[in-house]
Amino acid sequence: MTINIVRRQLQPQFPTTNILPNRLLQIYATRGITDEQQIATGLAGLAHFNQLKGITLAAQYLADAIAGQRKIIIVGDFDADGATSTALCMLALARLDSQNHDYLVPNRFDFGYGLSPEIVEVAHQQHAQLIMTVDSGIACIKGVARARELGMEVIITDHHLPGEALPDAHAIVNPNQPDCDFPSKNLAGVGVAFYMMLALKAELKLRGWFADKTEPNLAELLDIVALGTVADVVKLDHNNRILVHQGIQRIRSGQCRPGISAIFEVAGRKQGNLAASDLGFVIGPRLNAAGRLDDMSQGIECLLCNDIGQARQMAVQLDSLNRERREIEASMQQEAVKALDSLQLSEQALPYGLCLYQADWHQGVIGILAGRIKEKYFRPTIAFAHQDDEIIKGSARSIPGLHIRDLLEDINSRYPGLISKFGGHAMAAGLSLPVSHLAEFETAFHLVAEQWLQDKPLQGAILSDGELDDHELTLDFARQLKQAGPWGQGFEEPLFDGVFNLVEQKIVGQKHLKMQVTTQSGELFDAIAFNVDTEQWPNKQARQVQLAYKLDINEFRGRTSIQLLVDAVDLLDK
């Protein structure tokens, strides 16, 4: 398969007092950096919490509850963002000397997502007087109404896009709600929760709360903020890059939660030189596995744990759940690909949207499945699994250029009653509907997706920062790139392309292609491509390849060297 590499267009470089290579300045420029302040990662550059609409009122409600020792219950979500949001608030409230707080995470198999009326009843049974949602709530109109009927106060902290109507909460903190002027609309749920705790601390300070006690430093919790922000794959705008950078610095220096250290240890990874991507690929999936297959409280308790020994035991359990999740996911993916292949669709005949369902699929991993199929076929994809005998839940993943939540809203407006409920973001969304509506929904999804995607390219392009010269293929430049981040969603890690001579190739770990390649001038480098098609590789006739790759630093048996992390490989001498 020929890879489609598109090189980023050159942009005017910004003036700087820092001594930076021209190549790095150009990389920054192509990612929208126009001045030196935008690459600063100090805490002084964070937007102030008072720019969030509703946050002062929310802080006053919380402060009143703490002062009156009223029962506060945090209601979270069952993904990594929800887990980190919940853990952060539990830890912050304890540091702020709250004496009566606890948390609830709806089990996805029993309660579904968010502040449902059913989970409100559970909170009421636990004597909640104030409910604060994290990473959810903006669409939970019925749940908030039920909480009010039962005499509870409700504070919503969320980052998801609101619908036409907002819940009747006592206070709402969400950068995406109408008339909110907060400059970063890309905060993860844990970012909103962190700002909420900053505002609460400021409100308590105004009331003299710390006159006879130590004022806590909530920046100590930025390791958790960084983890949730990266794991939720939100755009790393300037504000989020500051949060992630500061959290990564704490993790690298060992000043992080024992649970984070324990998960790295169990995964066999060193935290001293981690990159932002390690939070998304190492810790995030292990936290998510708890919510997908069992109970997210296991992940939350690991983050809350103060004892490294206990944290290791919890990390082992999370690792085991993640292995089980991978096995289930792999089986489901094989079934989905087999079903699509049986249709014998050519690339030109693929529908504009893919809608997948199998009665025995596990609802905990349909989001991952939709993402994998989307990547393979480059089509917006929805995978469905049963919630109960009558209702199915769908997890949607989209491609650049199609806002999947807005597409679902379009379907909902054209076909009233077809979808029971939906919500989400531009690239990911969730929905539920009766299984009896599935065929009609699939027809509507194909029709509307076709209308939205007409005249748009339906082939994934690899955006490259160009070809590196031999003098740039160095450890020094690789280290500069690593320090220039954090890289992530919307601020992509630099990726380069080039033609190399293939010296050696072999499969390792069942489906990873380990290579040795040389530049045209003879410089030798190790390279590895993950999850290759083993029917195509290794190819003993291959002599020359085109690679799209990232520069990585490999440490093995005391030796430090450059390694090319290959995103795509194409055989040139066909």
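Me: Is Cys302 buried or exposed here?

Reply: Cys302 is buried, at a relative accessible area of 0%. Buried means under 20% relative accessible area, exposed over 50% and partly exposed in between, with a 1.4 Å probe and protein chains only. Cys355 counts as buried as well, at 12% relative accessibility. This is a predicted model, where local features need pLDDT of at least 70 and side-chain atom pairs count only at pLDDT 80 or more, while totals for chains, interfaces and linings use all residues. Residues are numbered from 1 along each chain as its sequence is written, and side-chain values use heavy atoms, leaving out hydrogens and water.

Me: How many disulfides does the count come to?

Reply: A disulfide is a covalent bond between the sulfur atoms of two cysteines. With the rule that the two sulfur atoms lie within 2.5 Å, the count is 0 disulfides. For Cys302, the closest cysteine sulfur is that of Cys305, 6.9 Å away, which is too far for a bond.

Me: At what angle do helix 6 and helix 7 pack?

Reply: Two packed helices are described by the angle between their axes and the distance between the axes. Helix 6 (residues 189–206) and helix 7 (residues 222–231) pack at about 150 degrees, with axes 7 Å apart. Therefore helix 6 is roughly antiparallel to helix 7. Angles under 35 degrees count as roughly parallel, over 145 as roughly antiparallel, 65 to 115 as roughly perpendicular and the rest as oblique. Axes are lines fitted to C-alpha atoms over the stretch in contact, and angles run from 0 to 180 degrees between N-to-C directions. Helices (H or I, at least four residues) and strands (E, at least two) are DSSP runs, numbered from the N terminus.

Me: Which residues of helix 6 meet helix 7?

Reply: Val190, Gly191 and Phe194 of helix 6 meet Leu222, Ile224, Val225, Gly228 and Thr229 of helix 7; contact means heavy atoms within 4.5 Å.

Me: And at what angle do helix 12 and helix 13 pack?

Reply: Helix 12 (residues 308–342) packs against helix 13 (residues 366–377) at about 45 degrees, the axes being 10 Å apart, so the two helices are oblique to each other. Residues in this contact include Arg325 and Glu329 of helix 12 and Arg372 and Lys376 of helix 13.

Me: Where does Phe378 lie?

Reply: Phe378 is in the loop between helix 13 and strand 8 (381–386). Although not a glycine, Phe378 has a positive phi of about 55 degrees. Val233, in the loop between helix 7 and helix 8 (238–252), also has a positive phi of about 55 degrees without being a glycine.
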